[in-house]
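I opened my notebook to work through one structure. I wanted to start with confidence, then look at the sheet, then at a few side chains.

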Amino acid sequence: MAITFTENAARQIQRQLAKRGKGIALRIGVKTVGCSGLAHTFDIADEVGPTDQSFEAHNARMLIDEKSLVFLDGSHIDFVTEGPRQMFKFDNPNVDSECGCGESFNMKPKLTKDTEVAP
């Protein structure tokens, strides 16, 4: 399983860690919510959890737990500015559709039938 991310995403991770003053990585997850079913979660990680997978690039690190990784496998993550918004943007081959506001998404049928995610 693999996750890749751009230099822009890595710089944003580094900025967030520096702003907080501690932490080892950005933790990304998936939770059940929103008008399309799933949404990304973000948090600063202080340690690697027992089910975390680590992905490193451009002197930055992302952690993703094994349950979320099933939904995010193959994703390429960037950090972009779109109008007044700045955000992590996912190019995820497992996504079937997104809601109109872009905050939540549905997975391709095979994943949603075989996998559960925490609310």
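pLDDT is the predictor's confidence in each residue, on a scale from 0 to 100. I need it here, since this is a predicted model.

**Entry 1: confidence.** I looked up the average first. The chain has a mean pLDDT of 85. At least 70 is reached by 82% of the residues. Which element has the lowest mean pLDDT? I found helix α3, residues 109-114, with a mean of 54. Helix α1, residues 7-20, has the highest mean among the elements, at 97. I noted a caution for myself: where pLDDT is low, the predicted coordinates should not be read in detail.

**Entry 2: the sheet.** I traced the strands next. Three of them form an open sheet in the order β1-β6-β7, and the pairing is mixed. The edge strands are β1 (4-5) and β7, each pairing on one side only. I then checked how β1 meets β6. Strand β6 covers residues 76-82, and two bridges join β1 to it. These two strands run parallel. I also looked for a partner of Phe 5. Phe 5 stands opposite Ile 77 in β6.

What lies across these strands? I found α1 there, lying across β1, β6 and β7. Its direction makes an angle of about 80° with β6.

**Entry 3: Asn 92.** I moved to a loop. Asn 92 sits between β7 (85-91) and β8 (95-98). Is Asn 92 buried or exposed? Its relative accessible area is 9%, and the cut-off for buried is under 20%, so Asn 92 counts as buried. I looked up where its side chain goes. The side chain of Asn 92 reaches the backbone oxygen of Phe 71 at 2.9 Å. It also makes a polar contact with the side chain of Ser 75, at 3.4 Å. I then listed residues that Asn 92 touches, leaving out those up to four places away in sequence. They are Phe 71, Leu 72, Asp 73, Ser 75 and Met 107.

**Entry 4: Ser 68.** I finished with a helix residue. Ser 68 lies in helix α2, which spans residues 66-72. Ser 68 has a relative accessible area of 3%, so it too is buried by the under 20% cut-off. Which backbone atom lies 3.0 Å from a polar atom of the Ser 68 side chain? It is the backbone nitrogen of Val 30. Not counting residues up to four places away in sequence, Ser 68 touches Ile 28, Gly 29 and Val 30.

Terms used
Residues numbered from 1 in each chain as written. Heavy atoms only, no water. Helix = DSSP H or I, 4+ residues; strand = E, 2+ residues; numbered from the N terminus. Buried < 20%, exposed > 50% of the residue type's maximum accessible area, 1.4 Å probe, protein only. Polar contact = N/O pair within 3.5 Å; in protein donor to acceptor, adjacent residues only side chain to side chain. Contact = heavy atoms within 4.5 Å. Pairing = 2+ DSSP bridges. Axes fitted to C-alpha atoms, helices over the stretch in contact; angles between N-to-C directions.
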